[in-house]
Amino acid sequence: GAAGRDTTALPSLLYLGTPDFDSQEGRELQTAGFADVGCRVTELKLTHERPNHDTIKVAIEHADIIAVSGGNTLFAVARWRQLGVDKLLTAAWERGAVMIGGSAGAICWFDGGHSDSME
């Protein structure tokens with residue numbers, strides 16, 4: 001674990017539902033298993049809300065796992081770039097955070113991928 005971190009604590013998970021426009025159903029479906037085993041689950045809603053940069057930065061910096069929903073890859077990546085989230089996610093990956101997701105939530109971690117987001 002990172003210096004000063006309690007390595008015996010269960011990991012914390014940050015959920016980004018930006019690709020599915022912050023659907024509550026998607027969040028519950030994708031985070032329930034983590035919550036059931038005792039992981040601390042937090043969420044950043046970025047579709048219609050614009051938390052201040054420090055709030056976003058702290059949430060991403062404190063996450064051991066970052067989970068991204070499926071949905072519209074192009075919208076999510078464009079929104080993250082607009083808010084500076086893309087750079088914070090890169091820094092999280094570089095420090096060793098686990099990046100997970102399905103469909104758009106998997107494609108977003110790569111430089112390219114097949115998506116139907118333009119349809």
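Select T31 to start: this residue sits in helix α1, which covers residues 24-36. Helices here are DSSP runs (H or I) of at least four residues, strands are E runs of at least two, and both are numbered from the N terminus. T31 is buried, at a relative accessible area of 4%. Buried means under 20% relative accessible area, exposed means over 50%, and partly exposed lies in between (1.4 Å probe, protein chains only). Now show what surrounds this residue. Leaving aside neighbours within four places in sequence, T31 is in contact with L13, Y15 and V41. Contact means heavy atoms within 4.5 Å.

Before moving on, a note on the model. It is predicted, so local features need pLDDT of at least 70 and side-chain atom pairs count only at pLDDT 80 or more, while totals for chains, interfaces and linings use all residues. Residues are numbered from 1 along each chain as its sequence is written, and side-chain values use heavy atoms, leaving out hydrogens and water.

**Zoom out to the whole chain**

Colour by secondary structure. The protein chain has five helices and four strands. Follow the chain along its sequence and the pattern reads β-α-β-α-β-α-α-β-α. Of its 119 residues, 35% are buried. Take contacts in the chain between residues at least 6 apart in sequence: 78% of them join residues at least 24 apart.

**Select the strands**

In what order do the four strands lie in the sheet? The open sheet runs β2-β1-β3-β4, with parallel pairing. Two strands pair if DSSP finds at least two bridges between them. Look at the edges: β2 (40-44) and β4 (98-101) each have a single partner strand, so one side of each has no neighbour in the sheet. From one strand to the next, the twist averages 25°.

Next, pick β1 and β3. Four bridges join these parallel strands.

Axes are lines fitted to C-alpha atoms, for helices over the stretch in contact, and angles run from 0 to 180 degrees between N-to-C directions.

**Step into the core**

A nonpolar core is a set of buried Ala, Val, Leu, Ile, Met, Phe, Trp, Tyr and Cys residues joined through side-chain atoms within 4.5 Å. The largest one has 19 residues; L16, L46, I60, I66, W80, V85 and L89 touch the most other members. Elements giving two or more residues to this core are β1 (12-16), α2 (53-61), β3 (65-68), α3 (73-83) and α4 (85-95). α4 gives the most, with four residues.

Centre on I60. Beyond its neighbours within four places in sequence, I60 is in contact with L14, L44, I66, V85, L88, L89, A92 and R95.

**Finish with the charged pairs**

Side chains of opposite charge can pair when their charged atoms come close. A salt bridge is a side-chain nitrogen of Lys or Arg within 4 Å of a carboxyl oxygen of Asp or Glu. How many salt bridges are there by this rule? The count is two.

Select R27 and E43. Their closest N and O atoms are 3.0 Å apart. The pair links distant parts of the chain, with R27 in helix α1 and E43 in strand β2, 16 residues apart. R27 counts as buried at 18% relative accessibility, while E43 is partly exposed at 23%.

Last stop: K57 and E61, which meet in a salt bridge at 3.5 Å, N to O. They are four residues apart in helix α2, so about one helical turn separates them. K57 is partly exposed at 33% relative accessibility, and E61 is partly exposed at 39%.
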